[in-house]
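Let's take a friendly walk through a protein structure together. Keep the sequence and the 3D view at hand as you read.

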Amino acid sequence: MPIEPSPHRHPRHAIVIASGGLDSTVLAYWLAARGAELTLLSFDYGQRHRVELEHAAEIATLLECPHEIVNLSSLGGLLVGSALTDSDVAVPDGYYTDESMRATVVPNRNAIMLDIAVAVAVARKADAVAFGAHAGDHAIYPDCRPEFVERFTRSARTANEGLLVEEFEILAPFLDQSKTDIVRLGSALGVPFERTWSCYRGETVHCGTCGTCTERKEAFEQNDIPDPTSYSRA
């Protein structure tokens, strides 16, 4: 049986930060199963794996919901030092360690995306912004931790006092769950995993060896669920 996320109010309309990956796609399907109207919001921030945006668009089509892409492509040139935005930094292979995971940090990425998503929520009268941070992100990514979500929510409410709809909230229901838990939940929801993208190398198929591919394979293996992903390397 899938492990359900911690109880949350069922939103009427959620702006979902959608990368086209496992976590945000399972999140979108989980919200849709609860009757929420969805708007998927993706970001081109100069990432080398920009192919993920095509997968987010596919998911939006399957869910029959709007999909918007925010063009922040020039930002990538400013955010040097990250393997995701800097071609001089290699994407690490194998299981993540603290050191290798640090190479994939894009400074303030979630805060930037959430700020824009909150503005879209104000404009569209949505009562929630949702993103798919999970427990495996906590160690190195500061903007994936429960304290960040709590403090960002307070900041968003203060910055938009009188503009947000009643009961507005930032939803991060997977904060206490692993990637394995998320895949199990997604399987129960009928998520089309073959349409999702995880690889940070951004080639035509998943590389199979980078940290995100390694995590992806492990999550399917630990659930004894067939992995529909094509990998170029074992």
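Which residues in α6 meet which residues in α7? On the α6 side they are Lys179, Thr180, Val183 and Arg184, and on the α7 side Glu215, Ala219, Phe220, Gln222 and Asn223. Sorted by class, this contact is made of three nonpolar, three polar and three charged residues. Please keep in mind that you are looking at a predicted model.

How do we describe such a pair? Two packed helices are described by the angle between their axes and the distance between the axes. Here α6 (residues 179-189) and α7 (residues 211-223) pack at an angle of about 65°, with their axes 8 Å apart. The crossing of α6 past α7 is right-handed.

Now zoom in on one residue of α6, Thr180. Is Thr180 buried or exposed? Its relative accessible area is 12%, and because buried means under 20%, Thr180 counts as buried. Beyond its neighbours within four places in sequence, Thr180 is in contact with Ala219, Gln222 and Asn223. With Gln222 there is also a polar contact, side chain to side chain, at 2.5 Å.

Next, let's visit the nonpolar cores. The largest one has 44 residues, and Ile15 is among those with the most contacts inside it. Elements giving two or more residues to this core are β1, β2, α4 and α5, and α4 brings the largest share, eight residues. Leaving aside neighbours within four places in sequence, Ile15 is in contact with residues including Thr39, Leu41, Ala117 and Val129. A second, separate core has 29 residues, including Ala128, Ala130, Ile182 and Val191.

How values were computed: Residues are numbered from 1 along each chain as its sequence is written. This is a predicted model: local features need pLDDT of at least 70, side-chain atom pairs count only at pLDDT 80 or more; totals for chains, interfaces and linings use all residues. Side-chain values use heavy atoms; hydrogens and water are left out. Helices (H or I, at least four residues) and strands (E, at least two) are DSSP runs, numbered from the N terminus. Buried means under 20% relative accessible area, exposed over 50%, partly exposed in between (1.4 Å probe, protein chains only). A polar contact is a pair of N or O atoms within 3.5 Å; within protein, one must be able to donate a hydrogen and the other to accept it, and residues adjacent in sequence count only if both atoms are side-chain atoms. Contact means heavy atoms within 4.5 Å. Axes are lines fitted to C-alpha atoms, for helices over the stretch in contact, and angles run from 0 to 180 degrees between N-to-C directions. A crossing is left-handed if the near helix is turned anticlockwise from the far one by less than a right angle, and right-handed if clockwise. Ala, Val, Leu, Ile, Met, Phe, Trp, Tyr, Cys and Pro count as nonpolar, Asp, Glu, Lys and Arg as charged, and the others, Gly among them, as polar. A nonpolar core is a set of buried Ala, Val, Leu, Ile, Met, Phe, Trp, Tyr and Cys residues joined through side-chain atoms within 4.5 Å.
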